[in-house]
Amino acid sequence: MPINDDATLVIGSGNYLTAPTGTDIPENLLAPITPWASVGHTSLEDIFGITSEGGEATVIGTLQNKSLRTKYSARTETMTFTLQQFDQAGLKLYYGANAPILPDGSVGVPTEPEPTVCAFLAVFVDGDNHFAFYAPKAEIYRADDLALADTESLAGLPLGVKPIAYGSNVWTYSVTPLGGGIAATGAVAGNPGSFTPSGATAPANLAALSSVVASPTTAWTTGQRVILGDASLAHWSGTAWVAGAKP
């Protein structure tokens, strides 16, 4: 991996936004438009974190090779940040989407809380760079107990965001890379193959392969393929790029 100074990150500012489930990531991350809406003020100290559960490794073997391969269990991840707006919208994110608004305007704490289900976006700005986490579907609910610790700092509502696979997606959330991706100009056959030059970003989909030169230029052999940015497969038929691994 080549050294890329522009791919480093020091957070200068940021924002957290929600939108209806399935809303596409904004074209301009620095100026998201409706239906994206900010959740409000958040902590300057506890900016953002990701915790995970699962992912345990199980070694699978045979009589001839007791460590033939490793299988990993599913991993569930939770993004965390601290909201510092105690308005109705903020309290419902913390206490549950089904928290009722009572006649006096206060927010009732439900006996069987339900998380807020929506699309989620976290954007962090570092000068001219911007870095984002995007989930087309996520559950938002309290991540920790509420504590009002002192009289000198802003109180906060610790929130957890659990990304969930949306529709037929094989991914739960996406992360925007920094430093500008290196466009792939070539694709080398393999199981799976690779893209050139070194460090090149995989083309987004089959259509994006149109300008990529296959190596070899003859038809690839059985099982050979490359993995695209949308996690689909493709191979070179000898005259065109075709979806899937070479049969």
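Tutor: A residue is called buried when its relative accessible area is under 20%, exposed when it is over 50%, and partly exposed in between, with a 1.4 Å probe and protein chains only. The model is predicted, which is the reason that local features need pLDDT of at least 70 and side-chain atom pairs count only at pLDDT 80 or more, while totals for chains, interfaces and linings use all residues. Residues are numbered from 1 along each chain as its sequence is written, and side-chain values use heavy atoms, with hydrogens and water left out.

A pair of aromatic rings is described by the distance of the centres and the angle of the planes. Rings of Phe, Tyr and Trp (for Trp, its six-membered ring) pair if their centres lie within 6.5 Å, and planes under 30 degrees apart count as stacked, over 60 as edge-to-face and the rest as tilted. By this rule there are 15 aromatic pairs. One of them joins F48 and F124, whose centres are 5.4 Å apart with 65 degrees between the planes, an edge-to-face arrangement. F48 sits in the loop between β2 (37–38) and β3 (49–54) and F124 in strand β7 (residues 116–126), so this pair ties together parts that are 76 residues apart in sequence; strands here are DSSP runs (E, at least two residues), just as helices are runs of H or I of at least four, numbered from the N terminus.

F124 and F133 are both buried. Ring pairs link F48, F124 and F133 into a cluster that also takes in Y16, F81, F120, F131 and Y173.

Leaving aside residues up to four places away in sequence, T82 touches H41, T42, S43, D46, G156, L157 and P158, where contact means heavy atoms within 4.5 Å.
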